[in-house]
Amino acid sequence: MNLKKYFIRALHRLQKGPGYTYKELLVWYCDNTNTHGPKRIIKEGPKKKLIWFFLTLLFASLVFWQWGILINTYLSYNVTSSLSIGFKTMKFPAVTVCNANPFKYSEVKHLLKELDRLIEAALERILQPVPGNSSENASPPLDLGLWHQIPLVLIDEHDKDNPVILDIFESNQTAGDNQTAAGNQTAAGNQTAVGNETAAGNQTAAGNQTAAPPAPANTTLEEKKYKLAVKLCSHQGSDNCTYRNFTSAAQAVTEWYILQSTSILSKVPLEERIRMGYQAEDMILACLYGAEPCNYKNFTQIYHPDHGNCYIFNWGMDEEALNSSNPGAEFGLKLILDISQQDYIPYLSSAAGARLMLHQQKSFPFLKDQGIYAMAGTETSIGVLVDELERMGYPYSDCTMNGSDVPVKNLYSQYNTSYSIQACLRSCFQNHMIEICGCGHYMFPLPEGVNYCNNEDNPGWAYCYSSLRSSIGHRQICIDSCKETCNDTQYKMTISMADWPSEASEDWIFHILSYERDMSTNVTLDRNGIIKLNIYFQEYNYRTISESAATTIVWLLSSLGGQFGFWMGGSVLCLIEFGEIIIDSLWITIINVISWCKGLKQKRVQARYPDAPPTVSELVEAHTNLGFQHEDAGALPRDEALPPEPGTPPPNYDSLRVQPLDILGPDSDAE
């Protein structure tokens with residue numbers, strides 16, 4: 001009871017209204033609120049009440065609809081980009097220079113000797129199909145075991161529906177032994193997955209795959225309709241194969257040679273691969289930074305699988321990064337490089353030049369993605385402009401500060417470099433390669449306890465690698481797992497070239513450079529191997545592209561208030577009034593619940609005692625009349641009934657009766 005009174009008093013203090021029912025509370029709210037509309041509902045006539053009720057409901061719905069749009073816009077966390085231009089002394093970028101050819105052919109020739117003989121014999125058969133023109137008979141026998149691990153095949157597409165697969169090194173067989181691609185095996189398209197290989201026609205016991213009869217020497221390539229393809233199988237002798245064909249035989253030969261050389265070089269220790277590459281003292285002939293001379297000792301050497309030995313200037317690993325004092329070519333980096341083009345691997349590197357890249361300090365250079373070529377025999381000038389990107393983190397964008405929140409293990413951390421999305425994507429691909437193929441690809445770093453793929457230990461690695469590289473699903477997994485960096489610096493380059501040295505000055509320049517490198521008066525350098533580089537800031541203006549939140553909490557509150565005030569003339573105080581009526585409704589609900597619980601308790605008590613309780617006279621009669629007994633089902637017979645227990649006699653109720661004053665004695669209790 002006291003609890004109910006407390007709630008009632010509390011309701012009085014909070015409500016200041018006339019009653020305690022929901023209807024009375026709602027009427028009081030409509031009469032006292034500052035929001036336009038509800039007050040007109042209770043004060044107008046019946047027709048206007050209906051109109052104002054409809055208008056109030058309509059505009060309240062519009063307010064809530066607009067609020068939903070505004071809140072959804074805020075929770076989308078859109079950003080706006082702003083561009084600002086600043087002027088300051090900037091750090092000179094790290095410059096990575098590599099040779100387009102990863103190894104000296106004179107150093108690696110003994111490893112690739114059989115591979116070169118195979119591709120030369122294959123090209124001779126392709127380009128000279130007429131018997132008798134081949135010089136194979138005079139050379140030692142070929143290592144066809146290496147060939148059949150990843151073979152090159154010809155695809156005859158005279159019949160588009162049944163293309164014929166031709167083995168290059170079995171052209172002495174009969175035409176009846178030709179193998180046609182049937183069933184699930186097709187050769188059309190750039191890359192076609194094949195199922196089971198079935199042979200059409202009669203096969204002789206001499207071999208499984210044979211070539212078509214040689215075409216006449218005057219037959220054009222269009223009439224032949226041949227395509228050169230790389231055959232990749234899950235394991236040697238398997239029918240589960242893929243044919244990667246190309247529009248040009250040059251592309252097919254390069255792809256085949258890369259796969260085969262990768263298998264061979266993956267078994268060579270890292271120290272030996274570094275020794276077979278181009279050394280800094282042979283490659284970097286001259287260096288000048290601003291007015292200060294430098295040499296190959298100012299470069300940091302790293303091994304890059306695509307380009308062999310690479311050298312990084314101003315990497316910032318062991319010492320502070322260099323600042324550029326002024327813009328202009330005379331304050332930049334000047335290099336003279338020798339790429340030794342005469343020592344290139346013929347079938348591995350079809351491009352000649354230097355590969356270079358500008359990047360941030362302590363970041364790994366991914367030259368295959370972001371590098372540029374500098375051509376031999378030219379002076380290449382590179383003017384640099386700086387763009388600084390500042391992205392907002394979670395929840396506005398899914399970027400990372402240092403890669404610690406990325407689920408992919410960064411395999412490039414062994415170089416002590418910073419996180420980048422290129423490192424993450426390659427690490428993710430290598431992890432999938434190890435998980436699916438059982439070995440790692442030669443072009444990416446390895447985790448501990450894993451070996452590189454090769455044809456001897458992993459016969460089907462090329463098929464697995466090709467399938468994984470073309471898989472959109474695995475690629476999407478890596479894209480979803482990796483994140484962009486929140487802060488990044490990009491270098492925009494303006495490139496110009498000129499012939500260098502000129503014909504008038506090439507004699508003395510080559511003499512000096514040859515003497516400085518080889519201590520010889522003979523000219524050991526030529527135009528095909530010399531490159532001059534000029535790298536400098538065009539200007540000290542740098543651009544900062546920063547992101548900021550398009551919607552803030554201040555914008556949200558002002559927009560919500562604007563919509564509420566426009567449609568219903570409300571304000572924050574009106575919202576407080578609405579909150580007040582909600583609290584009052586809760587109090588009324590609590591009081592009703594308490595009353596209901598109390599009524600339920602009384603009903604339970606009445607259920608235990610269905611009859612009315614005995615009166616006072618019935619109790620007195622029970623004490624004075626010994627014969628008055630309640631009849632119980634289990635009572636004893638009358639003859640065997642026990643005598644009543646002695647008890648306290650009832651009071652003399654006559655003494656409590658009101659008597660006239662004249663009959664009361666002096667010693668009575670009334671006195």
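**Ground rules.** I am working with a predicted model, where local features need pLDDT of at least 70, side-chain atom pairs count only at pLDDT 80 or more, and totals for chains, interfaces and linings use all residues. Residues are numbered from 1 along each chain as its sequence is written, and side-chain values use heavy atoms, with hydrogens and water left out.

**Disulfides.** How many disulfides does the structure hold? I found eight, taking a disulfide as a pair of cysteine sulfur atoms within 2.5 Å.

**Cys 98 and Cys 310.** These two are joined with an S to S distance of 1.9 Å. The link is right-handed, with 120° about the S-S bond. Cys 98 sits in strand β2 (residues 94-99) and Cys 310 in strand β12 (residues 308-313), so the bond ties together parts 212 residues apart in sequence. For strands and helices I use DSSP runs numbered from the N terminus: helices are H or I with at least four residues, strands are E with at least two. Buried or exposed? I noted Cys 98 and Cys 310 as buried. My cut-offs are under 20% relative accessible area for buried, over 50% for exposed, and partly exposed in between (1.4 Å probe, protein chains only).

**Cys 399 and Cys 486.** Here the S to S distance is 2.0 Å. The disulfide is right-handed because the torsion about its S-S bond is about 90°. It links distant parts of the chain, 87 residues apart: Cys 399 is in strand β17 (residues 399-400), and Cys 486 is in the loop between β18 (484-485) and β19 (487-499). Both Cys 399 and Cys 486 are buried.

**Cys 439 and Cys 453.** The sulfur atoms of this disulfide are 1.9 Å apart. With a torsion of about 100°, the link between Cys 439 and Cys 453 is right-handed too. Cys 439 and Cys 453 are both in the loop between α12 (421-437) and α13 (461-469), 14 residues apart. I have both down as buried.

Cys 30 counts as buried because its relative accessible area is 10%. Cys 597, at 38%, is partly exposed.

**Surface.** Which residue in strand β1 (residues 79-87) did I look up? Leu 83 is found there, and Leu 83 counts as exposed because its relative accessibility is 53%.
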